[in-house]
Amino acid sequence: MEAGHHDLSKVTVVGDPQLLQRRIDAVRLAGPAKLQVIADFDGTLTNYFVNGRRGQSSHGILKQGNAEYDDKRQALYEYYHPLEFSPTIPVEEKTKLMEEWWGKTHNLLIEGGLTYDAIKESVTSSAIAFRDGVVELFEFLEERDIPVLIFSAGLADIIEEVLRQKVHRSFKNVKIVSNRMVFDNDGRLISFKGKLIHSLNKNEHALEMAAPVHEHFGDGDGPINDNASVRKRTNVLLLGDHLGDLGMSDGLDYETRISAGFLNDNIENNLSNYRKAFDVVYLNDAPMWGVVKLVSQMCSTVN
C-alpha cells in the first residue's frame with residue numbers, strides 16, 4: 001500500500017476521532033466479508049478540478065455529434081438545474097421536475113441518434129480524471145472480494161467508458177447503479193432499461209439496479225456478489241461529496257457505517273456542516289490516499 005507516503009493531515013478533518021476509531025474497530029472485528037463500499041461518482045471518485053479548471057461530470061461530457069441536440073440538452077440544463085437546488089420548491093414537486101428533465105434529456109439522446117462511438121469520443125476528449133489513489137483503492141478492495149457500488153444519476157455506459165479509457169482495466173467487484181442504455185446492432189441508442197434514476201431518487205433503487213461492470217467488459221465468469229449477498233454486508237464505507245450522498249445507504253440495514261466526504265470547494269461556508277455529517281472530511285479536492293489508509297485500517301489483521 002502506498003498510502004503511507006502521503007501526508008494528508010492538512011486536508012483531513014475528523015469531527016469525533018474517538019467515534020471514528022470505534023467504528024473502524026467494529027468493522028475490523030467483523031472482517032472484510034461483512035464490508036461493502038458505496039461511492040458517488042462525480043466529484044467523489046473523480047477530481048473536482050482538472051488542470052486548474054473545473055472538471056467535467058460524467059453526463060456533462062457527452063457530445064452527441066449533433067449540435068442541434070447538444071444545444072437542446074444544454075437549454076434543458078439551464079432551465080432545470082436552478083430548480084434542482086431551489087430551497088423553495090417542495091421535494092415532491094422537485095422530484096416530478098427532475099423526472100421531467102431526465103426523461104426529456106433521454107428522449108433527446110434517442111431522437112438525436114446517439115451512437116456508442118460518440119460516447120467513446122466524448123470520453124476521449126473530456127476533462128475528467130480519477131483522483132490519485134482510486135485505482136489502488138479498487139485493487140485493494142478487489143483482492144479482498146469487497147464489493148464497490150458506484151451510484152450515479154448519470155449514465156452507466158459513460159461511467160464504464162471512463163473506467164475503460166482512464167483506468168484501462170475492469171474490476172470484478174465494482175457495480176454501477178445508474179441509467180443504462182440499450183443500443184441496436186449498429187451501435188445506435190434505441191432505449192433505456194430499468195427505472196429512471198435522477199438526482200433525487202438515486203438512493204431508492206440502488207441494489208435492484210446494480211449491474212456488474214465486468215458483464216459489459218466481456219469478462220465471462222459472472223458477478224462475485226449478487227444483490228442478496230450485498231444486503232448481508234452490514235458494514236458500509238460511504239464516499240460522497242454532497243450531504244445528500246449520505247442517503248446512498250438508506251436502503252441497507254447496516255450495523256456500522258463510516259462516511260467519508262470530499263469537500264472540494266467553498267470550504268469556509270460548508271465545513272461545519274460536513275464535519276457534523278461525515279465521520280471524516282477531505283478538503284481541497286484531496287487525493288484518495290486518505291480513504292486507502294482508512295480501508296487498510298478497517299481490514300487490518302493486526303491488533
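Confidence was examined first. The mean pLDDT of the protein is 88. A value of 70 or more is reached by 89% of its residues. Helix H1, residues 17-30, has the highest confidence, with a mean of 98. Confidence is lowest in helix H8, residues 213-217, where the mean is 43. Over residues 213-225 the pLDDT is below 50. Where pLDDT is low, predicted coordinates should not be read in detail.

Two helix pairs were considered. Helix H2 spans residues 67-84 and helix H3 spans residues 91-111. Their axes lie 10 Å apart, and the packing angle is about 170°. Angles over 145 degrees count as roughly antiparallel, so H2 and H3 are roughly antiparallel to each other. On the H2 side, the contact is made by Tyr 69, Lys 72, Arg 73, Leu 76, Tyr 77, Tyr 80, His 81, Leu 83 and Glu 84. H3 contributes Lys 94, Leu 97, Met 98, Glu 100, Trp 101, Lys 104, Thr 105, Leu 108, Leu 109 and Glu 111. By class, the residues of this contact are 10 nonpolar, two polar and seven charged.

The second pair is H1 and helix H11, residues 289-298. Their axes come within 8 Å and cross at roughly 55°. H1 is therefore oblique to H11. Leu 20, Ile 24, Val 27 and Arg 28 of H1 meet Leu 294, Gln 297 and Met 298 of H11. This contact divides into five nonpolar residues, one polar and one charged.

The largest pocket has a volume of about 1,600 Å³. Its lining comprises 47 residues. Nearest the pocket centre lie Ser 57, His 59, His 81, Glu 84 and Phe 85. His 81 and Glu 84 also belong to the H2 side of the contact with H3. H2 gives the largest share of the lining, six residues. The elements that give two or more residues are H2, H3, strand S5 (148-155), strand S10 (256-263) and helix H10 (267-277). The lining has 14 nonpolar, 22 polar and 11 charged residues.

Methods: Residues numbered from 1 in each chain as written. Predicted model: local features only at pLDDT ≥ 70, side-chain atom pairs only at ≥ 80, totals over all residues. Heavy atoms only, no water. Axes fitted to C-alpha atoms, helices over the stretch in contact; angles between N-to-C directions. Helix = DSSP H or I, 4+ residues; strand = E, 2+ residues; numbered from the N terminus. Parallel < 35°, antiparallel > 145°, perpendicular 65-115°, else oblique. Contact = heavy atoms within 4.5 Å. Nonpolar A, V, L, I, M, F, W, Y, C, P; charged D, E, K, R; others polar. 1 Å grid on protein atoms, 1.4 Å probe; cavity = no way out; pocket = protein on both sides within 12 Å on 5 of 7 lines; lining within 4 Å. Points joined across faces, edges and corners; volume = space filled by probe spheres on them. pLDDT = per-residue confidence, 0-100.
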